[in-house]
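Subject: Structure for you to look at

Hello,

Here is the structure I said I would pass on.

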Amino acid sequence: MMAGTPIVEDETPPTRDITYYISDGNTVLQVENTLFRVHRSMLVKDKSTFDSMFSLDAYTQNTEDVYAPSNFTEGECDENPIRLHGDKADEFRALAWALYSLPAEIAVSMTIQANDLQLIHLARIAHKYQFRSTEMWALSALTQFHSNSPASGGGSPPVQNLVQITELSILCEYEPLRNAAVAKWNRLLGEGRAVAVAIGVAERLNLRKLLGLAYYSMMLKGREVWDSDPQLNARQRVRLLSGHYNLIKLCEDLPNTPPRLTHDSSCIRKGKCKNAFGALWKLVFTTKEGGLVGQVMKLQSADLLAKVMLAESVVRAYVEGNIPQLDLSSVEGAGEVQMHEKCLPIALAAAQDKVKEVQEHLVEWFSDVV
């Protein structure tokens, strides 16, 4: 040994798992620094990867040189366990729980808040080792819970759990869980929570609609918040500046760019009907005395999504006759203003489509170039 070379101490010996080091098990596995002793027959269920692994081991043993020294086969004892690299002890413990528990035991233990992370561990390792039915059961259980529970309050998972659930839904290509996870993120963003985390997750997993909403939520917090948030990098701050500029320009153009209106076949004055809808749309956003939007609430100059959502609600109220008759003739360039009765529902659908369009395209306005 060269002088000055530090002596590397032996690693801490692995410890036996309290629950799943089963005395009459016939296969020892080491995951991280924990030993599990389980029955090989349990691991080969569902035609998992272990089935192929053990079949290959059996073939190798049968073709070995008969004069080779007699050693313990891998997995037969604590000194020579099967090592599962890249896995976590909690993940394998969750797999053993699923393989050994009776249905009644699983039902009793599934107070999901306590087992949310356990199901995440289970689905991940079941996916890796191709326990297909176990994987689908865990994904379905996670989806059911996260589709029915609120995003805030006692039923909410920790943000880190939600990150793992989102990653899991992409890893397993399980759309129902992805949709449930994105819905949770949307609610958190609506509350102004975990916004920078959502940006990071959405960028890494290429969830474009969520990414647009996350950038939008951060933009509304203001530049002082962007600049002081340690979870944001320089490129993300540039995107926020770009989005702020682009959305202000869009909001300025909004009064003069009503949604495209098609007409009912019975409408014979399409030009005047179109002008009436344009006048209604412009009245909502007019800066004179704040317009209808300004009368209801004070919105940020770049808050495009809130403005079109509020415009949709005003159009709905107008169509359904729930607001006083508006004087559209006062709008510049309106002319004779009256919409055809059968075009009113079409106008509402156009306003609703405008909201969806903004939601879908938010991310495109947060480019890397100001």
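Below are my notes, going from the whole chain to single residues.

Please keep in mind that this is a predicted model.

Overall. The protein chain has 370 residues, of which 44% are buried. Its secondary structure consists of 16 helices and four strands. Among contacts with a separation of 6 or more, 65% join residues 24 or more positions apart.

Core. The largest nonpolar core contains 94 residues, and Phe 50, Phe 92, Leu 304 and Met 339 have the most contacts inside it. The biggest contribution to this core comes from helix α3 (residues 89–100), with eight residues.

A helix pair. Helix α7 (residues 159–171) and helix α8 (residues 175–190) have axes that come within 8 Å and cross at roughly 145°. The crossing of α7 past α8 is left-handed. On the α7 side, the contact is made by Val 159, Leu 162, Val 163, Ile 165, Thr 166, Leu 168, Ser 169 and Ile 170. On the α8 side, the residues are Leu 177, Arg 178, Ala 181, Lys 184, Trp 185 and Leu 188. By type, the residues of this contact are ten nonpolar, two polar and two charged.

Trp 226. This residue sits in helix α11 (residues 223–228). Trp 226 counts as buried because its relative accessible area is 3%, and the cut-off for buried is under 20%. Apart from neighbours within four places in sequence, Trp 226 is in contact with Met 218, Met 219, Leu 232, Arg 237, Leu 240, Leu 241 and His 244. Leu 240 is 14 residues from Trp 226 along the chain, and their C-alpha atoms are 8.1 Å apart.

Two backbone angles to check. Ala 194 is not a glycine, yet has a positive phi of about 55°. Ala 194 lies in the loop between α8 and α9 (195–205) and is partly exposed, at 23% relative accessibility. Asn 206, also not a glycine, has a positive phi of about 60°. Asn 206 belongs to the loop between α9 and α10 (208–221) and is exposed, with a relative accessible area of 57%.

Regards

Key. Residues are numbered from 1 along each chain as its sequence is written. This is a predicted model: local features need pLDDT of at least 70, side-chain atom pairs count only at pLDDT 80 or more; totals for chains, interfaces and linings use all residues. Side-chain values use heavy atoms; hydrogens and water are left out. A nonpolar core is a set of buried Ala, Val, Leu, Ile, Met, Phe, Trp, Tyr and Cys residues joined through side-chain atoms within 4.5 Å. Buried means under 20% relative accessible area, exposed over 50%, partly exposed in between (1.4 Å probe, protein chains only). Axes are lines fitted to C-alpha atoms, for helices over the stretch in contact, and angles run from 0 to 180 degrees between N-to-C directions. A crossing is left-handed if the near helix is turned anticlockwise from the far one by less than a right angle, and right-handed if clockwise. Contact means heavy atoms within 4.5 Å. Ala, Val, Leu, Ile, Met, Phe, Trp, Tyr, Cys and Pro count as nonpolar, Asp, Glu, Lys and Arg as charged, and the others, Gly among them, as polar.
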